[in-house]
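Thanks, everyone. I'll take one structure today and walk through it piece by piece. Please have the display open.

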Amino acid sequence: MDPKTSRRTFLSLAMGAPIGAALAACGSSGPSTGTSASSTGATGAATYWFLSGKPQEEVRKASVDRFNKANSGSKITTTMFANDDYKTKVKTALGAGQAPTILWGWGGGGLKSWVDADQVEDLTSFFSDNAAVKDKIFPSAFGAATIDGKIYALPTETVTPIVFYYNKQAFEKIGAQPPQSWGDIMDLVPKFNAKNIAPFSLAGQSRWTNMMWLEFLFDRIGGSEVFDAIFAGEKDAWSNPAAIDALTKTQDLVKAKGFSKGFSSIAADNNADQALLYTGKAAMMVHGAWTYGSMKDQGGKFVSGGNLGYMNFPPVDGGKGDPSDTVGNPGQYLSISSKATDAEKEVAKKYFATEANSDATQQGWVDNGSVPVVKGVDSKFGNAKDAEWLKYIYDTSANAKVFAQSWDQALSPAASEVLLDNIAKLFQLQVSPQQFADNLNKVIGQ
Amino acid sequence: MTVAAPPGIEADLPRKVASQAGGSGRVAYLAVPALLFFVAFGVVPLIGVFYLSFSNWPGFGDITPAGLSNWRSVLADPGLRHSLYVTFLVMILSWAVQTPASILIGAFLAGHQRYREWLAVFYFIPLLFSSAAVAITYKGLLDPNFGLGAGLGIPLLQQDWLGEGRLAMGVLIFIVSWQFVPFHSLLYQGAIRQIPRSLYEAAQLDGAGRVRQFWSITLPTLRYTIVTSSTLMVVGSLTFFDLIWILTAGGPGDSTRVLALDMYIRGFRGNQMGPASVIAVILVLFGLGLSLLFRRIGGGSASDSQLEGA
């Protein structure tokens with residue numbers, strides 16, 4: 001036997017096999033989700049992807065577990081992803097036709113991009129068939145689930161407005177009261193700075209954190225119609241004098257050293273911004289209601305000792321906005337992949353109708369200090385540990401004249417990327433309010 | 001790549017041996033597996049990206065043709081010019097810091113003293129860490145409120161390291177250098193050890209000091225190593241992504257947003273795969289252009305031998 005030939009054969013075998021496998025793997029992607037699911041009536045399996053992160057993931061898992069136990073024929077398998085990974089992962093999965101049956105999301109512009117690409121099921125008829133499911137949910141939560149008059153997602157989980165938090169001990173140190181107006185805020189800034197306490201904690205690297213300031217200032221100065229016009233795609237809507245005024249006030253606060261030192265290098269992911277507030281290094285923070293749970297978890301005795309104060313964002317003197325207005329996430333949203341099999345869709349709809357917003361699931365949210373998107377849920381607050389907080393969030397959400405959706409969720413992903421980019425530059429004083437408006441007017445209506 | 005054996009040696013070989021070693025038929029056959037891999041994972045995606053740059057695609061759903069609109073909008077976007085500027089700044093600064101540092105450390109480590117070999121092991125450690133881990137660690141150390149400066153109470157360290165544009169760029173260059181200088185030092189160490197001792201002995205006889213020997217012998221002989229190492233640094237700097245993404249996410253503002261980040265943000269954050277592909281094509285072209293340029297610089301006189309007696 002010729003040794004050279006055998007080596008050659010060996011080489012071609014050794015090298016050929018992995019290439020063949022790799023190429024085969026490249027070519028086999030396609031809509032294959034759950035092809036193994038049997039399609040006999042009510043039995044079937046569905047997949048469900050959602051966000052990880054404690055304490056929320058526990059509630060999501062418990063809800064699915066209850067569903068699987070109660071329905072022996074149907075099974076939902078879950079997979080969890082961290083926030084930023086999730087967005088990319090879902091996008092890739094949709095592109096490859098490998099999406100899960102149930103898609104977790106934020107509604108608004110992101111949902112619209114799925115609808116535009118025919119990726120999610122129209123649920124309008126599901127809601128007319130199951131009127132009871134629809135009627136118990138806050139009506140305001142359906143706004144971000146409705147596109148061109150059709151409902152594409154089930155509002156679920158919790159309502160999370162943005163809250164003005166403050167550290168009561170920090171205010172005692174300078175002998176001041178929480179601000180009642182924008183003027184008060186600007187007066188407080190030098191007082192806190194003189195005591196080496198940062199007036200506001202802000203995780204500026206995450207950018208949407210900065211955006212919450214603009215959301216409130218736009219509303220307080222010009223009313224909700226300023227952003228409505230932007231959302232509706234009206235020409236040059238960002239150049240509204242109220243918008244320019246809000247942008248200028250934001251930069252005034254940056255220039256007055258209103259935000260913690262180095263805020264633009266702090267990311268919200270590791271909760272360093274919350275840590276500044278509960279360690280007393282910062283006096284105030286504008287942040288989502290979901291941070292209450294983590295401050296309670298990680299802040300030692302800060303929350304349980306009654307040192308955390310909270311209120312709605314104060315009005316701006318002479319502003320047109322209603323001080324009851326708020327902004328944030330009116331809910332989280334579950335959609336069904338249009339590429340799923342009929343059996344999978346049935347299982348998903350059954351979950352939507354029975355367990356997604358069930359009493360037990362609601363209780364799970366209430367127990368960790370969140371308010372479910374369900375009417376009259378305040379009756380469950382009576383013996384909850386955080387009854388006062390829950391009641392505050394419930395009242396704020398229920399009494400808000402306008403509950404606006406977070407801008408980055410409301411706009412299309414492309415437009416919101418330009419928005420966040422310019423917001424980062426605005427807070428960095430790299431662009432003037434006028435340049436900011438000009439840059440964003442270019443992408444309006446996209 | 002062409003096989004470039006020093007002509008002096010090739011000429012001395014008997015013809016028979018040379019033809020056995022370089023029989024073109026067998027060499028071509030052995031290249032097939034590598035070629036297949038390259039086509040499947042290099043060329044095919046490249047064609048896909050090129051095609052996508054002329055289409056609109058949010059990352060899922062249908063791909064629709066867009067003609068030249070993506071190219072027009074990206075090329076007219078001041079964001080692209082800024083990213084190009086930042087990319088070149090990172091490239092030039094990291095080259096300018098790393099090259100002298102690597103040559104000096106390499107020359108130092110080339111000595112055969114015991115303590116230098118020990119130090120070489122320690123110098124090499126940063127290269128073993130993944131960029132992501134390095135970025136997370138530095139981000140923690142440099143945190144303005146909970147980092148090293150605040151913890152130790154040293155005013156000099158209490159800068160807004162990652163929150164101020166120029167400082168953030170400086171920090172980035174520092175970390176890149178810290179991480180990659182060991183690798184390039186290793187290249188130089190090897191190259192310097194190959195310089196024949198006789199050259200130095202001759203120089204000593206002529207009365208040249210150590211500094212003079214470095215400038216007149218070490219540095220000129222290192223020419224090809226400098227070209228190789230510079231190519232790796234410059235082309236490699238085009239691909240910095242993980243480190244910057246974790247450290248600053250391109251911020252503050254857009255001070256550290258290099259092309260690779262710009263591409264990712266447009267494609268995966270903004271759902272615009274078309275414009276992102278335009279940037280990908282631009283990146284590929286720059287990478288190719290730069291490596292060609294360096295091959296020109298280095299390969300122009302390949303017949304110059306570095307070997308003793310040639």
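Chain A first: its secondary structure comes to 19 helices and 14 strands. Buried residues make up 50% of the 446 in the chain. Now look at contacts in chain A with a separation of 6 or more: 77% of them join residues 24 or more positions apart.

Keep in mind that this is a predicted model. So, confidence. Chain A averages a pLDDT of 85, with 90% of the residues scoring at least 70. Chain B averages 84, and 87% of its residues score at least 70. Over residues 1-21 of chain B, the pLDDT is again below 50, with 10 contacts beyond near neighbours in sequence. Where pLDDT is low, the predicted coordinates should not be read in detail. For the complex, the predictor gives an ipTM of 0.77 and a pTM of 0.80.

Next, a strand in chain A. Strand β9 of chain A covers residues 282-288. Five of its seven residues are buried, so β9(A) is largely enclosed by the rest of the structure. It has two partners to look at here. Strand β7, residues 158-167 of chain A, pairs with β9(A) in the antiparallel sense over five bridges. Find A:Val163 and you will see it opposite A:His287 in β9(A). Strand β8, residues 198-201 of chain A, runs parallel to β9(A), and three bridges join them. There, A:Ser201 stands opposite A:Met285.

On to the interface. 30 residues of chain A are in contact with 28 residues of chain B. On the chain A side, the elements giving two or more residues are α1 (3-27), α3 (83-95), α12 (272-278) and α18 (413-427). Which of them gives the largest share? That is α18(A), with six residues.

Stay on α18(A). Its 15 residues should span 21 Å at 1.5 Å a residue, and its end C-alpha atoms are 21 Å apart, which agrees. The helix is mostly covered, with 14 of the 15 residues buried. After α18(A) comes A:Leu429, whose phi is positive, near 60 degrees.

Is B:Gly270 buried or exposed? With 23 other C-beta atoms within 10 Å, B:Gly270 is buried. Leaving aside neighbours within four places in sequence, B:Gly270 is in contact with A:Pro413, A:Ala414, A:Glu417 and B:Ile265. B:Pro58 is 212 residues away from B:Gly270 in sequence, yet their C-alpha atoms are 8.3 Å apart.

Last stop: helix α9 of chain B, residues 165-193. It has 29 residues and reaches 41 Å from first C-alpha to last, close to the expected 42 Å. Where is the kink in α9(B)? Look at B:Phe180, shortly before the proline B:Pro182: the kink there is about 40 degrees.

Methods:
Residues numbered from 1 in each chain as written. Chains lettered and ligands numbered in written order. Predicted model: local features only at pLDDT ≥ 70, side-chain atom pairs only at ≥ 80, totals over all residues. Helix = DSSP H or I, 4+ residues; strand = E, 2+ residues; numbered from the N terminus. Buried ≥ 20, exposed ≤ 12 C-beta atoms within 10 Å, placed from the backbone. Contact = placed C-beta atoms within 7 Å. pLDDT = per-residue confidence, 0-100. Expected span 1.5 Å × (residues − 1). Bend = angle between axes of the 7 residues up to and from the residue. Pairing = 2+ DSSP bridges.
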